[in-house]
Amino acid sequence: MSRKNKINQKLDPFKIRKDFPIMGRDIEGSPLVYFDNAATSQKPKQVIDAITEFYSKNNANVHRGIHTLSENATRQYEESRTTLAKFLGANSPEELIFTNGTTHSVNHLSVGIKNLLSEGDEIITSNLEHHSNFVPWQRLCKERGAILKTIDITPEPNETSSDYSKKILDKIERFLSKKTKLVTISHVSNVTGSIIPIKEIASIVKGSDENILLLVDGAQSAPHIPINMRSLGCDFFVFSGHKMLGPMGIGGLWIRKNLMEKIEPGIVGGGMIEKVSLDKAVWAGAPYRYEAGTPNVAGAIGLAAAVKYLESVGMREINNHGRRLAKHTIELLEQIAGLKIIGPKDDDNRIGLISFYVEGTHPHDIAAILNSKGIAVRAGQHCAMPLHTELDLEASTRASFYLYNTNEEVDYFYRELKTALKVLK
Amino acid sequence: MDSLYREEMMEIYKDPKHKKELPNANAYSEEENPLCGDTIKLRLKIKNGKIQSAAFEGSSCAVSTISTEKVLGYVEGKSIEEAKNLTQEKLLDLLDIDISMSRVRCATLVLTALKNALESFEEGNE
Ligand SMILES: Cc1ncc(COP(=O)(O)O)c(C=O)c1O
């Protein structure tokens, strides 16, 4: 990879766009304006090429054959793990398990910690979670006779990000009890774009009882902000490769090293055992005990290429770019009468993601009209039904940005949004 | 622009004639599309096996509203049997707008509501 170390340079989205083949296409006759990055990001040619190269030159199964191709595939797969582990600031590559993505990782864990949960125990989560970090816990609690306590962290209108953070910490503190076994929460909300104060949550949780486990859903944070497992303070971190320039079908589950033997594999089968007899099986060591079945080798290689790309631009710079775009967007949207933005509006603790609704219009119609102008936004509940219910909203419209989006695109989106509202209102 | 958002369609959307109360209704159904949160409360007044009048309440997107409006206009004066025979295909014909695959569910919410209202009416009369 040749685009290394441009630390002092401000991110140039126009230059970055040249690496993304899809940016050249049009939608219904207009150039694509892709503002649905929270759902999935686009892929640079570096990632596409890495996948093509694997399938063209090195394809074989890993940890199996003695032949050259299998050894190449195994080496590349393990190198990808090391790249990812470094990106996350993990202590060692063994802590990083490849999965299909966030949903898979959470499910994996919800099976893996089953035995640590007894009747009457408590899991704390929040009402702004994506369904993938909510439904598995709801099911587990039902199965074990445990209690899922959901803290209400619905943002108030005009709440600042620092007041919002304080509210979250306060609520978690009040919900912790002697029965709490797990606290599970998003690092960044996929509805508001707010960064949740995980370090502070970790110190409250661990301060209350260091055996309480802390899971962080990093699906929206890993793509946008610098992440470091050595300082974040959680025990588990889950994320999806496809939201951070990587391919679909690959993601990760980070488990703190000292917990690895305590957590059962959520999926069992081939490739994850030490030995099997007719009446029992002994699990292999980490991380393999958590990776049953043929892994997504091409996916891991593609994700490693994605992470190298992100690092070459710089995560801090990517976050700053997102915040700049968000700031610009919010300033424009606030000029529209009847439009309400969900969540804190300041540009401090956030990524480039904004959800909004407009009195008297349906997000589906807004999204359909914008689509006819080439603009891709998300309309719906963004898999966060409890939060939308709390806000008394049927749905919202979400614009989410990434490193290739520009201020000019935001201006165009704003103009077309105003036109759409004229049609609908 | 998508032909859905042309002016005549927007007129239907902004002022749907069937969006009203129907105090003497004798068939009712409430449906929700969990994907987008659209809800529809459908009321029918049925007499001698015929749908005399139809009305709806609820909040929904343009596709859903226009589709509901057209379906209710269509079934008024028709027999229960005729109304039950309204298929998804026929409804999309009736609608006569370009809709994307992802919005077919918005258009067919009213069909589910209609079928359920008719069924519960028939059960009540057995
Ligand atoms: C906060 C959050 N958690 C979890 C997920 C689920 O990710 P995936 O569908 O890749 O498993 C998403 C993605 O939509 C998300 O935004």
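What share of the 425 residues in chain A is made up of buried residues? In this predicted model, buried residues account for 59% of chain A, whereas in chain B, which has 126 residues, 46% count as buried. The points below take up each chain, then the surroundings of the ligand, the cysteines, and finally some places where the backbone deserves attention.

**Chain A as a whole**

- Chain A contains 13 helices and 17 strands, and its radius of gyration of 22 Å is close to the 22 Å that the globule rule gives for 425 residues, so chain A is as compact as a globular protein of that length.
- When the C-alpha trace of chain A is laid along its principal axes, it spans about 70 × 55 × 40 Å.

**Chain B as a whole**

- Chain B is built from five helices and three strands, and, read from the N terminus on, these elements follow one another in the order α-β-β-β-α-α-α-α.
- For 126 residues, a compact globule would have a radius of gyration near 14 Å, and the value for chain B, 14 Å, agrees with this.
- Taken along the principal axes, the box filled by the C-alpha atoms of chain B is roughly 50 × 25 × 25 Å.
- Strand β3 of chain B covers residues 50-57 and includes K50(B), a residue that counts as partly exposed because its relative accessibility is 43%.
- K50(B) and K19(B) are 31 residues apart along the chain, and their C-alpha atoms are separated by 20 Å.

**The surroundings of the ligand**

- The residues that surround the ligand are T102(A), T103(A), H130(A), S132(A), N190(A), D217(A), A219(A), Q220(A), S240(A), H242(A) and K243(A).
- Sorted by class, this shell consists of one nonpolar, eight polar and two charged residues.
- A nitrogen atom of the ligand lies 2.6 Å from a polar side-chain atom of D217(A).
- Taken alone, the ligand would expose 400 Å², and the protein buries 86% of that area.

**Cysteines**

- A disulfide is a covalent bond between the sulfur atoms of two cysteines.
- How many disulfides does a search of the whole structure find over all chains? The search finds zero.
- In chain B, the cysteine sulfur closest to that of C61(B) belongs to C106(B), and because the two are 3.9 Å apart, they are too far from each other for a bond; the cut-off that matters in this step is a sulfur pair within 2.5 Å.
- C61(B) counts as buried because its relative accessibility is 0%, while C383(A), with a relative accessible area of 31%, is partly exposed.

**Backbone features to look at**

- Most residues other than glycine have a negative phi, and most peptide bonds are trans.
- Against that background, where in chain A does the loop with L245(A) lie? This loop lies between β9 (236-240) and β10 (251-255), and L245(A) has a positive phi of about 80° although it is not a glycine.
- Is L245(A) buried or exposed? L245(A) is buried, because its relative accessible area is 0%, and a cut-off of under 20% is what buried means here.
- The C-alpha atoms of L245(A) and P386(A) lie 29 Å apart in space, and the two residues are 141 residues apart in sequence.
- N48(B) is another residue other than glycine with a positive phi, near 50°, and its place is the loop between β2 (38-47) and β3 of chain B.
- N48(B) counts as exposed, because its relative accessibility is 77%, and the cut-off for exposed is over 50%.
- The peptide bond that runs from A286(A) to P287(A) is cis, with omega near 0°, and P287(A) is found in the loop of chain A between β12 (281-283) and α9 (297-313).

Technical notes: Residues numbered from 1 in each chain as written. Chains lettered and ligands numbered in written order. Heavy atoms only, no water. Near = heavy atom within 4 Å. Polar contact = N/O pair within 3.5 Å; in protein donor to acceptor, adjacent residues only side chain to side chain. Areas by Shrake-Rupley, 256 points an atom, 1.4 Å probe, with all protein chains shown as cover. Nonpolar A, V, L, I, M, F, W, Y, C, P; charged D, E, K, R; others polar. Buried < 20%, exposed > 50% of the residue type's maximum accessible area, 1.4 Å probe, protein only. Helix = DSSP H or I, 4+ residues; strand = E, 2+ residues; numbered from the N terminus. Rg over C-alpha atoms; globule rule 2.2 N^0.38 Å.
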